[in-house]
Amino acid sequence: MKLKLLCYIALFLPILLSAKNVENANRALEKTGLKYCPALSDAKSSNITFKNLPTGAKDFEVMLPSPKNDIVVNASDFGLNENITNSATIINKAIAHCKKIGASKLVINKGTYKCFDAVSIKFEEMKDFVVDFNNATLIYYSKSVKLKNPQPQWDANPATTNSNISIINCERMKICNLKLDWDWQNDPLAAFTRVVGKDAKAERPYLDLFFFQYERYPMYGKRAPVLTIDPFYDDLSSFRTGLVNGWFGMSKLGLGEGVDVLDHEWLSPNKLRIYPQRKLVREVPLNSIYRLMHYYYGKNGIDMLANKHLTLENIDILSCRGHALHVDGEQQYWQYINVNVAPPKDDARRACSSSADHHHIANSKGFVKLINCTFSMGMDDGGNFHDRSFVMKKVGDYILESDNIRGIKFFSPKVDEEIELFQDNYIPTNFKAKIKRVDGERIVLDKPLPKQEGSCFVCFKTKYGTRNVIIKDCKYFRHTRRGILMLAKDVTIENTLFELEEGGALKIETGYTNRVWCEGYGVDNVVVRNCTFRKTNLIGRMSQKFVYDIMLAAYMRVDPSDEQPAVPIIKNLLFENNKFYDTHGLVAVISSTDNIIFRNNFIENNSDYVNAHWYRGGFCVRNSKNVYIIDNTYVESKKVPLAGVYYQPESVENIVARGNKIIPKK
């Protein structure tokens, strides 16, 4: 009798639990006030034909060097060898000689070279020039100096920043076959630690972190900058779900060279006590594994400023302080072919690659390709494609004043530059003017200003416009804080893997705050095709109270924000033939948009998460018009109680959710 009862329980319990999940999900949905368009097992094809689909970026050519002679210079002739520690200085001497004699190529022999001299290898105003490193490895290290008044590293000028390599105002140039690394034996950028002690009730709450991969940590006995901790699984396979992150440095703007945010002390050669906020000490469990970051932002790996027709090929950035790849100024027409930002696979102690974004565009004039690239284990975004905007208040008929905590330096206005103004809700003013004078935190324009309708104006520089972005056949964006932030126009992303991201896979946005971020000029004409999204947003980042794989939204005044612009700032996007596996929450949160199409995508959820969401695998639409979520396929799963589309009827105009089908699990 007992055996028969157990058999009945085993048979019917999953059905009962599934029904309970659906009931709970419906209750949660009812509280949101959203309407629900379910995916159905017998759904018929939508049979919708679109006349004007988004096309994405058109292909374009990045011109390679066209040498005028066969003059080749070898850096070894200037004393470059594996025994010196000032290799950057020596390579710069070889570069200066190339410019002097008009050489077409610089060669560095294969080897491992120490660049401990705290200078950039600088290529400036060079044309039709090739640099072949022959798979040489450059190892960087320079002591940080504690700064009394550290400046925000994101405000740094690539022309003056002490980056590893700087490429400035060059044309038709190619750099290839290079490995960049940092000296982890003296100055680890990060480390995996285990929480072996804690006391949240102490007068000074503390966590004790054990560097379990070391008998003696290289920083023992010295100040060890402590900026963030990120939870990892015990096998170090990925970021861990369900555990709190510790951010110590974001409240301060100096997060790069020489910045030491959190108090700490050494208890033994491989044990460090840190003193974070009491709340964090309470929430971090004993015996959990965390990555401790010593640096955030910093020197940058390769800085690029205002180049045209630049190629980086076969480059491995194993680690660096700051952004791995950083672009600013009027850069136009450049490409990365087989460029990888990822730690060496044979060293389990390498807890990070770059200590900021893997690839970051502050400003550009667009036309960039990423082909067959890999981005993994950096401290921040896998890719950030945007132009800097700025918020300013009208204080006179011709005068605008900075309204951002970082000051006007972030916007870097120049005399005779043209700016365009939008109201604080992104309604266009149709006003453009040139800067006549810069006076401290104020700029004077050559035309009288229009009426300021809200709290500020959002200002764009008309000479910039990051657009025509092609990301193709990239092996993966993996273990990044977020996969890609795309704030650009005319974009194609295809055949690319997004996997195990700490935050979401794709953020397609534009926004401003008066505290930190002011990014993007709007998004238009984006195609995401044949990509795979697997277990992204592991820590559950949210937009408008929803966890997401993909976010289409703006932010205003704060980031993120529930408030959305009065006009759609994101428009003409097509997501087709993509695969989504084990979404933590929504496939996509969609707001502030016009003409958005998700069609013929595949969605399957089999994994459990600590914090399961009732809306897993769904789509949520608000503040949008002309949204088509059609002909997508769900694999039947009890972990997705309400497969389909949710929308806010009062803020959505013309939504079509049709042909979304549930198929049996094989």
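**Close-up views of a predicted model**

**View A. Phenylalanine 192 lies in strand E9 (residues 190-199).** Helices (H or I, at least four residues) and strands (E, at least two) are DSSP runs, numbered from the N terminus. This is a predicted model: local features need pLDDT of at least 70, side-chain atom pairs count only at pLDDT 80 or more, and totals for chains, interfaces and linings use all residues. Residues are numbered from 1 along each chain as its sequence is written, and side-chain values use heavy atoms, with hydrogens and water left out. Is phenylalanine 192 buried or exposed? Phenylalanine 192 is buried, at a relative accessible area of 3%. Buried means under 20% relative accessible area, exposed means over 50%, and partly exposed is in between (1.4 Å probe, protein chains only). Phenylalanine 192 touches Phe210, Phe211, Phe212, Tyr290 and Met377, among others, leaving aside residues up to four places away in sequence. Contact means heavy atoms within 4.5 Å. Phenylalanine 192 and aspartate 230 are 38 residues apart in sequence, and their C-alpha atoms are 9.3 Å apart in space.

**View B. Seven strands form an open sheet.** The order is E12-E11-E15-E9-E10-E14-E13, with antiparallel pairing. Two strands pair if DSSP finds at least two bridges between them. Strand E12 (246-247) and E13 are the edge strands; each pairs on one side only. E13 (residues 264-268) meets E14 (residues 271-274) in the antiparallel sense, over four bridges. A hairpin of two residues joins E13 to E14. Which residue of E14 stands opposite glutamate 265? The residue opposite glutamate 265 is arginine 273. Strand E10 (residues 206-210) also pairs with E14, antiparallel and over four bridges. Here arginine 273 is the bridge partner of aspartate 208. In a regular strand the side chains alternate between the two faces of the sheet.

**View C. Six strands close into a barrel.** Follow the order E24-E25-E28-E27-E26-E29; the pairing is antiparallel. From one strand to the next, the twist averages 45°. Axes are lines fitted to C-alpha atoms, for helices over the stretch in contact, and angles run from 0 to 180 degrees between N-to-C directions. Strand E26 (residues 418-423) and strand E29 (residues 457-461) run antiparallel, joined by five bridges. Glutamine 423 has phenylalanine 457 in E29 as its bridge partner.

**View D. The largest nonpolar core has 167 residues.** A nonpolar core is a set of buried Ala, Val, Leu, Ile, Met, Phe, Trp, Tyr and Cys residues joined through side-chain atoms within 4.5 Å. Which residues touch the most other members? They are Leu106, Phe123, Ile167, Leu312, Leu325 and Tyr336. Isoleucine 167 touches residues including Phe123, Met173, Ile302, Leu310 and Leu312, not counting residues up to four places away in sequence. Another core, of 15 residues, lies apart from the largest one; Leu29, Phe546, Leu586 and Trp614 are among its members.

**View E. Threonine 480 is found in a loop.** The loop runs between strand E31 (476-478) and strand E32 (482-486). Threonine 480 counts as buried, because its relative accessibility is 0%. Its side chain makes a polar contact with the side chain of glutamate 501 (2.3 Å). A polar contact is a pair of N or O atoms within 3.5 Å; within protein, one must be able to donate a hydrogen and the other to accept it, and residues adjacent in sequence count only if both atoms are side-chain atoms. Threonine 480 also touches Phe239, His358, Asp380 and Gly503, among others, leaving out residues up to four places away in sequence.

**View F. Aspartate 490 forms a salt bridge with arginine 467.** A salt bridge is a side-chain nitrogen of Lys or Arg within 4 Å of a carboxyl oxygen of Asp or Glu. In this pair the closest N and O atoms are 2.9 Å apart. Aspartate 490 lies in strand E33 (residues 489-494) and arginine 467 in strand E30 (residues 467-472), so the pair ties together parts that are 23 residues apart in sequence. Aspartate 490 is buried at 16%, while arginine 467 is partly exposed at 33%. The whole structure holds 35 salt bridges.

**View G. Aspartate 608 forms a salt bridge with lysine 639.** The closest N and O atoms are 2.8 Å apart. Aspartate 608 sits in the loop between strand E45 (602-604) and strand E46 (619-621), and lysine 639 in the loop between strand E48 (633-635) and strand E49 (644-647). Aspartate 608 is exposed, with a relative accessible area of 62%. Lysine 639 is partly exposed, at 26%.
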